[in-house]
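Please consider the structure shown here.

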Amino acid sequence: MVGRGGPGGLRASRLSDPPLRDFYQTFRPALNTRPMPQRYGIEKTPEGTWDIVDVFTGLPVVEVGVPLIDMPIDEADDLVDLLNCRDREHRGDT
């Protein structure tokens, strides 16, 4: 960022300059945090149904012995939200 310097000159602003320092101190926590990636996603099948997959492995998700595949979009969307919420709580990222 460039600010006005002495007689007709320009100088680079620094994080220690009051306006930037105040901004940085206010938003530093947000700047240093990144949301955890979502563990689960949905993929459309060639038949037009939807599967819930583990985005880290690419494999369909199996819950209590049931593969979460061949679902309508609204069901898959609701389930993937629940699974990602449970995963965030499990990892401690509420």
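**From one residue to the fold**

Leaving aside neighbours within four places in sequence, Val61 is in contact with Tyr40, Ile52, Val53, Asp54, Val66, Pro67, Leu68 and Leu83. Val61 itself is found in the loop between S4 and strand S5, the latter covering residues 62-63. With a relative accessible area of 7%, Val61 counts as buried, because the cut-off for that class is under 20%. The C-alpha atoms of Val61 and Val80 are separated by 9.9 Å, although the two residues stand 19 residues apart along the chain.

These positions belong to a predicted model, and the confidence attached to them deserves attention. The mean pLDDT of the protein is 77, and 60% of its residues reach 70 or more. Over residues 1-5 pLDDT stays under 50, and for this segment the model has 16 contacts beyond four places in sequence. Where pLDDT is low, the predicted coordinates should not be read in detail.

As to the overall arrangement, the protein contains two helices and six strands. Read from the N terminus on, its elements follow the order β-β-α-β-β-β-β-α. Of the 94 residues in the protein, 19% are buried. Among contacts with a separation of 6 or more, 24% are accounted for by residues 24 or more positions apart. The accessible surface comes to about 7,300 Å², and carbon and sulfur atoms hold 57% of that surface.

Which residues make up the largest nonpolar core? The core has nine residues in all: Tyr40, Trp50, Ile52, Val61, Leu68, Met71, Ala76, Val80 and Leu83. In soluble globular proteins, nonpolar side chains tend to be buried together.

Two further residues extend the picture around Val61. Tyr40, a member of the core, touches Ile52, Val53, Asp54, Val55, Val61, Val80, Leu83, Asn84, Arg86 and Asp87, when residues up to four places away in sequence are not counted. Asp54 lies in strand S4. Is Asp54 buried or exposed? Its relative accessible area is 8%, and Asp54 is therefore classed as buried, the limit being under 20%.

Helix H2 can now be examined along its length and around its axis. At 1.5 Å a residue, the 19 residues of H2 should span 27 Å, and the end C-alpha atoms of the helix are 27 Å apart, which agrees. Within H2, the buried residues are Ala76, Val80, Leu83, Asn84 and Asp87. Seen down the helix axis, the buried residues of H2 fall within an arc of 100°, so they line one face of the helix. An α-helix has 3.6 residues a turn, so residues three or four places apart point the same way. The face of H2 turned away from this buried side carries the exposed residues Asp74, Leu82 and Glu89.

What covers the buried residues of H2? The cover includes strand S3 (40-44), S4 and S5. After H2 comes Gly92, whose phi is positive, near 80°.

Conventions
Residues are numbered from 1 along each chain as its sequence is written. Side-chain values use heavy atoms; hydrogens and water are left out. pLDDT is the predictor's confidence in each residue, from 0 to 100. Contact means heavy atoms within 4.5 Å. A nonpolar core is a set of buried Ala, Val, Leu, Ile, Met, Phe, Trp, Tyr and Cys residues joined through side-chain atoms within 4.5 Å. Buried means under 20% relative accessible area, exposed over 50%, partly exposed in between (1.4 Å probe, protein chains only). Helices (H or I, at least four residues) and strands (E, at least two) are DSSP runs, numbered from the N terminus. Accessible areas come from the Shrake-Rupley method with a 1.4 Å probe; for residues, only the protein chains shown count as cover. The expected span of a helix is 1.5 Å times one less than its number of residues. The arc is that of the directions from the helix axis to the C-beta atoms.
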